Amino acid sequence: MSRWVRPLLVLSGLAVVTYLVARIGPEAILSSFVTLGWRLPLVLTFPYVLAALVDTIAWRLLLPGPVPLGLVFRARLAGEAVNLATPTMAVGGEPLKAFLLRPHVPVLHGLVSVIADKTTIVAGQIVFLALGLLAARSALPASSRLLPIMTGLLAIEILAIGGFALVQASGGLGGGGRLLGRIGARVGFGGERYLQGLGDLDRALAELYRSGRRRLVASALVHAVAWATGGLEVYIVMFLLGTPTSLGTAMIIESFAGGVKFASFMVPASLGALEGGYVAFFEAFGLSAASGLSFVLVRRLREMTWAGLGFLALGVSDRPRGVPQADETDP
């Protein structure tokens, strides 16, 4: 069944994008790209490079010992490229990130860091969305339907990430994996081989939540700053398109879009959901639908550009010559 669900989600997303383009008019969208002109490469580079760097720093806070920032940055680019380009619900690149850190970090600790980092990314987005909702209460009329919708989504996010963090802290993340491993062993799959590794992962995650709470909180707050750079991107693109908006409005729009991205995590790259969300958010704040769709298409182009750089990063080795690789079996 999963073989059909993912393609159907992609086709549905493409249908939404096609509908929006037809409704708004391709001429208006093309005009936006013409207006950007030679400044388009600038938009594709900044402020995303700042966001990527801040996200890298947030992840590095969860790694054991000093790890070269350049290596962590390249591993993150490569992992995010895989997340964007493959139908794995934005998690397929996470094991790759841990694998690419092997010259300096044992795989076990790398996996612990990417699992915890995925949690703090969502926690940071929750902080950003909560602040956006507070600001939106004075920027939108009380009758706006966006406020209760986004408030409900915030509550769902808090419950989801709170439950996931509790599972990690209690050492229960590998419970399902251990059960599958035992079943696999009984049917001749050899699943018992993975039981020890899952137990080590559980214990290492629980230890991080016991002794590294400050690092986890710091990582979430730094990720919230990274989310805010998306609002700066909205502000810059709108300014260059000749339809400027306030930085506060841009931040609110981006905080809401982060909530949509969370809700549509099963759709590859949130295709269709983000396009529809941005158009709705732009119109709610008195901006044109054409500006909203043009912005998200510029962002899609930026995502593809950086995904390409991420795949190039896969071919870059950071293993120092003459220096032994970290022991992958060392917990």
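Because the model is predicted, local features need pLDDT of at least 70 and side-chain atom pairs count only at pLDDT 80 or more, while totals for chains, interfaces and linings use all residues. Residues are numbered from 1 along each chain as its sequence is written, and side-chain values use heavy atoms, with hydrogens and water left out.

Start with helix H12, residues 247–263. Helices here are DSSP runs (H or I, at least four residues; strands are E, at least two), numbered from the N terminus. H12 has 17 residues, which at 1.5 Å a residue should span 24 Å. The expected span is 1.5 Å times one less than the number of residues. The end C-alpha atoms of H12 are 25 Å apart, which agrees. Buried means under 20% relative accessible area, exposed means over 50%, and partly exposed lies in between (1.4 Å probe, protein chains only). The buried residues of H12 include Thr249, Ile253, Glu254, Phe256, Ala257 and Gly259. The buried residues of H12 pack against H7, helix H8 (146–169), H11, helix H13 (273–284) and H14.

Move to helix H11, one of those partners. Gly230 sits in H11. Gly230 is buried, because its relative accessible area is 8%. Contact means heavy atoms within 4.5 Å. Setting aside neighbours within four places in sequence, Gly230 is in contact with Glu254 and Arg299. Glu254 is one of the buried residues of H12.

Arg299 leads on to the salt bridges. A salt bridge is a side-chain nitrogen of Lys or Arg within 4 Å of a carboxyl oxygen of Asp or Glu. By this rule the count comes to 12. Arg299 forms a salt bridge with Glu233, with the closest N and O atoms 2.6 Å apart. Glu233 lies in helix H11 and Arg299 in helix H14, so the pair ties together parts that are 66 residues apart in sequence. Both Glu233 and Arg299 are buried.

Next comes a salt-bridge network. Glu80, Glu94, Lys97 and Lys118 are its linked members. Lys97 and Glu80 meet through their side chains at 2.7 Å, N to O. This pair links distant parts of the chain: Lys97 is in helix H6 (residues 94–100), Glu80 is in helix H5 (residues 69–85), and the two are 17 residues apart. Lys97 counts as buried because its relative accessibility is 2%. Glu80, at 24%, counts as partly exposed. Lys118 forms a salt bridge with Glu94, the closest N and O atoms being 3.4 Å apart. Here Lys118 in helix H7 is joined to Glu94 in helix H6, 24 residues away. Glu94 is buried at 8% relative accessible area, and Lys118 is partly exposed at 25%.

Now follow helix H14, residues 289–313. Ser294 lies in H14. The relative accessible area of Ser294 is 0%, so Ser294 is buried. A polar contact is a pair of N or O atoms within 3.5 Å; within protein, one must be able to donate a hydrogen and the other to accept it, and residues adjacent in sequence count only if both atoms are side-chain atoms. The side chain of Ser294 makes such a contact with the side chain of Ser32, at 2.9 Å. Beyond neighbours within four places in sequence, Ser294 is in contact with Ala28, Ile29, Ser32 and Leu241.

Trp306 is also in H14. Trp306 is buried, with a relative accessible area of 12%. Leaving out neighbours within four places in sequence, Trp306 is in contact with Leu44, Thr45, Tyr48, Val49, Phe73 and Leu77. Trp306 and Tyr48 are 258 residues apart along the chain, yet their C-alpha atoms are separated by 9.1 Å.

Val127, Leu131, Leu134, Val217 and Leu221 make a nonpolar patch of about 460 Å². Helix H7 (107–139) and helix H11 (213–240) are the elements that give two or more residues to the patch. H7 gives the most, with 3 residues. Patches are made of residues with over 30% relative accessible area and no salt bridge; like charges are joined within 9 Å, and nonpolar side chains (Val, Leu, Ile, Met, Phe, Trp, Tyr) within 5 Å. Accessible areas come from the Shrake-Rupley method with a 1.4 Å probe; for residues, only the protein chains shown count as cover. Leu221 lies in helix H11. Leu221 is partly exposed, with a relative accessible area of 47%.
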